[in-house]
Amino acid sequence: MNGVLRTVNRIVLGLLGLLLVIGGGSVLAVGLGVKPPSWWIHDGKNDVLLSVADRQRWRADGWWWPVVIAALGVVVLLALWWLVAQFRRRRLTEVLVDTGDGEGALLRGRALESVLVSGAEALDGVERAGAMLTGRRSAPQARVALTLAPHASPGATLDRLSEEALAQARDSAGLDSLPAEVRLKALKHRAERVS
């Protein structure tokens, strides 16, 4: 969902910016005396973008107002969805743990993240680790970022992470599964001199 939102943000902002640049640039160019094409809606310094005739052209038709209201309604709903999505929390604050008695308990998301981080940093070859929980509280997902030491093997570290740190976090929260997205980064180091 986070990647989808990022893509939608880029597309919406790109299209909005493109429309504003084209519209503003054309009005500025015509205002400075550039001759526009014959089909352009704005063709002179004293011209308005929408004349009275253009604004009132379809008023008498029965389909005009329902279409205008529906289109504006869709635009408002999309804008509200986009605005709410910007402020939505992406980090999971609590995880629902099945206690076996039909009730359940809430575990703080930060506590499970710290279990993941401490388990990952205990692995050989991991210099630093970070974790963030996303998803739903009944089905959390983990995002783990590892900074590997120069001698670390990425494949072996990834295997040990899933077998040890992720398994420990999953078992401690009583989860059936804990899907994870892991990003690996190598620690920068100077080249060693071979003699």
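**A first look around**

Reader: Which is L77, buried or exposed?
Author: L77 has a relative accessible area of 59%. The cut-offs are under 20% for buried and over 50% for exposed, with partly exposed in between (1.4 Å probe, protein chains only). So L77 is exposed.

Reader: Okay, and in which helix is the place of L77?
Author: Heads up: this is a predicted model, where local features need pLDDT of at least 70 and side-chain atom pairs count only at pLDDT 80 or more, while totals for chains, interfaces and linings use all residues. Residues are numbered from 1 along each chain as its sequence is written, and side-chain values use heavy atoms, leaving out hydrogens and water. Helices (H or I, at least four residues) and strands (E, at least two) are DSSP runs, numbered from the N terminus. On that count, L77 belongs to helix α3.

Reader: What about E113, buried or exposed?
Author: E113 sits in helix α4. Contact means heavy atoms within 4.5 Å, and leaving aside neighbours within four places in sequence, E113 is in contact with R91, A131, M132 and L133. Its relative accessibility is 4%, so E113 counts as buried.

Reader: How do α4 and α5 run relative to each other?
Author: The axes of α4 (residues 109–121) and α5 (residues 154–173) come within 9 Å and cross at roughly 155°. Axes are lines fitted to C-alpha atoms, for helices over the stretch in contact, and angles run from 0 to 180 degrees between N-to-C directions. Angles under 35 degrees count as roughly parallel, over 145 as roughly antiparallel, 65 to 115 as roughly perpendicular, and the rest as oblique. That is why α4 and α5 are roughly antiparallel.

Reader: How many charged residues are in the contact of α4 with α5?
Author: From α4 come L112, V115, L116, G119 and A120, and from α5 come L161, A165, L166, Q168, A169, S172 and A173. Ala, Val, Leu, Ile, Met, Phe, Trp, Tyr, Cys and Pro count as nonpolar, Asp, Glu, Lys and Arg as charged, and the others, Gly among them, as polar. By class, that gives nine nonpolar, three polar and, for charged residues, none: no charged residues.

Reader: Now the strands! How many bridges join β3 to β4?
Author: Two strands pair if DSSP finds at least two bridges between them. Strand β3 (residues 126–136) and strand β4 (residues 139–148) run antiparallel, and a hairpin through two residues joins them. R136 stands opposite A139 in β4, and A129 has L146 as its bridge partner. The number of bridges is 10.

Reader: Last one: how far apart in space are R90 and M132?
Author: R90 lies in the loop between α3 (64–87) and β1 (94–97) and is partly exposed, with a relative accessible area of 36%. In sequence, R90 and M132 are 42 residues apart. C-alpha to C-alpha, their distance in space is 9.3 Å.
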